[in-house]
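Thanks for coming. I will go through a few local features of one structure, starting with a single side chain. Here it is.

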Amino acid sequence: MAEGTSGSVSHPASLELTVQTGLVANLPRTSYARTDSTPAMDNPAGEPRHRRIVYDPAHQLVFVANRAMNRVEIFSTTSATRVAQVSIPGASSADLSSDGTTVWIGTVTEQVAAIDTSSLQIKARYEITGLQPLPNTLFDRPEELLVLSSGKLMMRLRRSQTGESLLALWNPSSNTPTNLTSTEPQLFQNGLGAMARTGNQSKVLVAANDASGELAIYDSNGNVFAGPHGLGTGTIPLVAANPDGTRYAAVFVANGNSQVLLLDGSLNPAGIYPASAVNGMIFSRDGQFLYVSENAGAPPVITVLGGHSLTTLGHVPDLWLAGRRTEIKDVDATELLFGIANRGLGFIDAASLGSLPGTVPIFASPPSSQPSEGPNAGGTTTVLAGQNFEATAQILFGTQSAANASVASNTQINATSPPNAASGPVNITAYFPSGWLTLAPDAFSYGPQVLQILPNAETPAGGDTVQIYGYGFGSDPAKLTVTIGGATATIQKAEGVTAIESSLGLDATYPFPIERITLQTPTGAAGKADLVITSPAGSITAPKAFQYLQSENFYPKPAFDRFVIYDQSRQWLYLSDIDHVDVFELMTKFFHQPGIEPPGGPPPTAGLRGLALTPDGTRLVSADFGSQSIYLFDPDNGSGTTIPVGGIAGFANSSPARVAATSTQNVFVGLSAESGSSGSCTSCLGQLNLMTSPPTIQPAAQPEVTSLTGAPLVQSNGNGNQVFVAFVTSPGGPLALWNASTPNQFSTFTANDSASDLGAAADGTMFALQANGTTEIRRADFSLAAVPANPELTQIPARVPVPGVTLHPSGALVYQPFLTGPAGNAGVKGGVDILDAHAGILRLRILFPQQFMTDVDGLHGGFLTIDENGQRLFAITSKDGTGQNAGITIVTLAAVPLGIGTLTPANGVAAGGTTLTIRGSGFQNGATVTIGGKAATVTIKDMNTLTVITPALPAGAQRVTITNPDGEAITLDAAFVAN
């Protein structure tokens, strides 16, 4: 009992005290933190290793570029815990400025970001225009940055579709990259290889990207300082540089043999160390040591060599997690190493060296602990499985020493979990007398923890299948309770990692003992709902983690509809069937019969495809691929006009496939040439003039597009003032933009995109492409804003993209339609992923009972559209993938995900008082806005628009945060600049 007193008021209360076991002294500091990075993104096939980690000694923080998750993770080196994360799509490298105030982040999204090391926020973004040394060969992905003492940075600029890269010197003050290929053409004849900078940032060692064995040293102004120097015929996968440039190290592989070569400041030999499968290499901060992560199998060690001679000084154990070692990247002054470990960050203590025996104790594949969960009070008796355990061991659960730890055999350790104040998973680490240690990441969970809920939005009627991924669930569904919105769900299965690996496409290197609950949802009220899991180990609440939809309905209509568009003023949908346009009235929920037919009746060769509504709503434009015509319909009475278009010379099967109506009484027509080629299509982009009588069509005459070849995907914005164009097959993969303010010209951009689908925001600020095997989210100036993150727990191995990528009118969200497997197969469902357009992260996943109808690309179909708020989704679906059982599925969200599209203006005076218009998604009455952490005055116009008056601010880039009354919040760094 405790009693608190304040003045004349006192309050007694019963308190519960948990006494945690103290930290164990004199054990290595080696640890691990999960980041959910993936090996394929950490080290893309065919590319040299990048500097993805940098240590900030002033703040004792490690910054980790996590490309798979579209973010930079920031960890404290004193606690080995995450302290912040910054959303940066495609983050692929990190380096620290000379003055320690900025961490420079390279990306694969045509952008460089600068993080302030004090606020841990983005303070500047730089759009990289790229270099084009040859026609249609663009290097524009600033994948790796190395900071130089001159204030400039060495930049690895990569092509979008290949691993080929070149070396450039980048000046942030002018945002200008300079191609350095000509300084050493022989060195770079096959592109740029591995790089490393000196600790004082005065020099950079650069390797060839081939078997020439060539090296050169550059100074901080991009001049060749030494070399090129040949090591012989062989490859150089890794290089390192000491603090002052007096020693360099290179891993040299020739005839299957690997060596670490030590070189002096002029690239003369200074030492040799025969190595085995080197995975990482770094000099100590004082240059006295060279740390080498080596050995593909057991024993996985960090070998410590003399930094001036490569004398072997000793070893420390590496983290060996599900067969993967640590790629060491940086080190602090206490010899704590930091590296990319298996789907996380490794902290390896190299301060105390020793000689390790050849027999390596190691935990078993997950789950290595049984049980793998227990209450916070501790006391759970666990059995730890593995091999080669020594006679005694010290066991830590997280940082707490286990009670009653004993080695039962060389394959089993018994231990009792200690108490722990915090809930969630902890690593289990075993330390052995020989000096070896072994670590099982997230091996034991104090109570349950939710990692992912999929799908996370379904019908209020209940009965939908939902899967929850996380820890601490246990294997007995009878001992689990899950409630959604207070109602109890029906639990069908509780499974461990070995049972669910194949359904997620996880390989044998996945190191975490994740668990999955499969349940059927209870009935619920439309809106966001708390999800509560109760297990024998404890309980957890995921607040507002699941959304009950407002409604989901299927309206059958046997047809082979291919494109669907939404008419806001009439509240109609138009769907292009083979020989007519189906019309569905949203208010009355019925299809017009017989729909809108071509003038004079459907021609026998009819094959309708793309649709567009003129901005004034008076005419519906339809492309008829089969009859090589365009139709102009009056939606109200179904009357129309036929405009013959014809085909394309040299192509037996060519016709109009997509149309985009403009505000200038013109329609851009994308013609598709699909067989019988006798050359490149140079007139596939047509322009239909609606002001003539009858309307006339001719090839688009703007000089910027007359030379572009290939079938164009065309899409206008909401008011018809812009038309976005992407080409399915064209040299250089160009993009183009037409603007009504300059109708006689196009803006173009060599994007190296082989596009298969195209969608644009009604505001015209963003557009999205299916290209290069992913979704690219681009701004209207063509710059690449984001690509989707790739969390492994959200993957659907048999997933098939469906044409119809769509953007929220504000550009804040991207709607991606998909199938869970091949079309027409039993059990396959259609679904929509809703992504944040700036971060590329998944916000909602909805699965339909039906399949999407689908086709090969956006020239053949567009099977999804949305309304003016992004709240209603309209999908062309089928119960079994056939036209006989097709129809329209309409999903109405109870809450559109909160998102930020644009701020206008994006800068204003620091004194405050600037009026901003924020366009976005999901704004609720009572939403609040902070800019730079200070409250702004907010007026809500509608669920997509806020008017904001800025407060007084310090000069510079500011983070904008919007918070809805239900607690949902969204932030965008450097969204507003105070001058």
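The side chain of Ser-878 has a polar atom 2.9 Å from the backbone nitrogen of Gly-881. A polar atom of that Ser-878 side chain also lies 2.7 Å from the backbone oxygen of Thr-882. Before going on: this is a predicted model, where local features need pLDDT of at least 70 and side-chain atom pairs count only at pLDDT 80 or more, while totals for chains, interfaces and linings use all residues. Residues are numbered from 1 along each chain as its sequence is written, and side-chain values use heavy atoms, with hydrogens and water left out.

Is Ser-878 buried or exposed? Ser-878 counts as buried, because its relative accessibility is 0%; buried means under 20% relative accessible area and exposed over 50%, with partly exposed in between, using a 1.4 Å probe and protein chains only. Ser-878 belongs to strand β80, residues 872–878; strands (E, at least two residues) and helices (H or I, at least four) are DSSP runs, numbered from the N terminus. Leaving aside neighbours within four places in sequence, the contacts of Ser-878 (heavy atoms within 4.5 Å) include Gln-850 and Met-853.

Next, helix α2, residues 497–504. Val-497, Ile-500 and Leu-504 are its buried residues. Seen down the axis of α2, they fall within an arc of 75°, so they line one face of the helix; the arc is that of the directions from the helix axis to the C-beta atoms. The buried residues of α2 pack against β45, β48 and β49. Thr-498 and Ser-502, on the other side of α2, are exposed. After α2 comes Gly-505, with a positive phi near 75°.

Technical notes:
Polar contact = N/O pair within 3.5 Å; in protein donor to acceptor, adjacent residues only side chain to side chain.
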